[in-house]
Amino acid sequence: MSDERRHLAAELNIGFAALTPLERLRSLVERAGGPVVFTTSLGIEDQMITHLIFANDLPIQVKTLDTGRLFPETYTLWRETEEKYGRRIKALYPQADALEALVNDQGIDGFYYAPEFRRNCCGVRKVEPLARAIAGAGGWVTGLRRDQSANRSDMDFVSFDGARGLIKANPIFDWSRDAIVAFTAEHGVPVNALHAKNFLSIGCAPCTRATRPGEPERAGRWWWEEETKRECGLHVDGADRPARDVTNRPA
Ligand code: SF4
């Protein structure tokens, strides 16, 4: 079965190159072999995809991971988006017990103190809820773009996520940021007010800063960490659940 899915992902990956993002989404829905889920972080790329799904009434579930640490502007955009399209973006939250244990172990902002604390926090607030968001899905849509970072340059349009057992599709993988900005402006798609303040990539508030002129798009994410390790684990095939056993925690 997984060989079949892998083969299908490879086929879709080749086919996607000649399609528009909307055609790619339709193709995925037709061939995914199960429900298709889009997880949005409400960044500008994801807003473009949300627009394509809602404006064209595609049978794709739109979900977001509310870590509890998002910017107020992100919550405002979430509400505005639901109001504009008349559709609900389904929220997933961290497990209460795990979150309590995390904060009690390593502190409310423990992620600043050690890379493993940061991975623990992303694990509880993002990676575990993501697993529930896409459980049982045949296809998972993301807003990843090839030129967002060096880590993403060798990804594909479509791949088989073996650990999660589904087809992962990136329908705007080949779009530039400028093209997405133009698309959202042309179609009146609501975007996060922070983008106009040089927040090019927006995640949790304590882990995101504005980028400076000339910096890569994701330079403002976990800026205190080594560049090659600045991913939260959502886009790692077979992402490990970070260990919950925390040592050397700050007092
Ligand atoms: Fe925690 Fe920061 Fe990861 Fe958000 S981005 S889940 S606050 S470590």
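This is a predicted model: local features need pLDDT of at least 70, side-chain atom pairs count only at pLDDT 80 or more; totals for chains, interfaces and linings use all residues.
1. Residues are numbered from 1 along each chain as its sequence is written.

2. UniProt, in an unreviewed entry, lists Cys121, Cys122, Cys204 and Cys207 under "binding site"; such annotations may be inferred rather than shown by experiment. These residues span 87 residues in sequence, yet no two of their C-alpha atoms are more than 11.0 Å apart, so they gather at one spot.

3. Cys121 lies in helix H6 (residues 115–134); helices are DSSP runs of H or I with at least four residues, and strands are runs of E with at least two, numbered from the N terminus. Cys121 is buried, with 27 other C-beta atoms within 10 Å. A residue counts as buried if 20 or more other C-beta atoms, placed from the backbone, lie within 10 Å of its own. Cys204, in the segment after helix H7 (177–187), is also buried, with 21 such atoms.

4. An open sheet is formed by 6 strands in the order S3-S2-S1-S4-S6-S5, with mixed pairing; two strands pair if DSSP finds at least two bridges between them. Strand S3 (90–92) and strand S5 (158–161) stand at the edges, each with a single partner strand, so one side of each has no neighbour in the sheet.

5. Strand S4 (residues 139–141) and strand S6 (residues 166–169) run parallel and are joined by 3 bridges. Val141 has Ala169 as its bridge partner in S6.

Technical notes:
A residue is buried if 20 or more other C-beta atoms lie within 10 Å of its own, exposed if 12 or fewer, and partly exposed in between; C-beta atoms are placed from the backbone.
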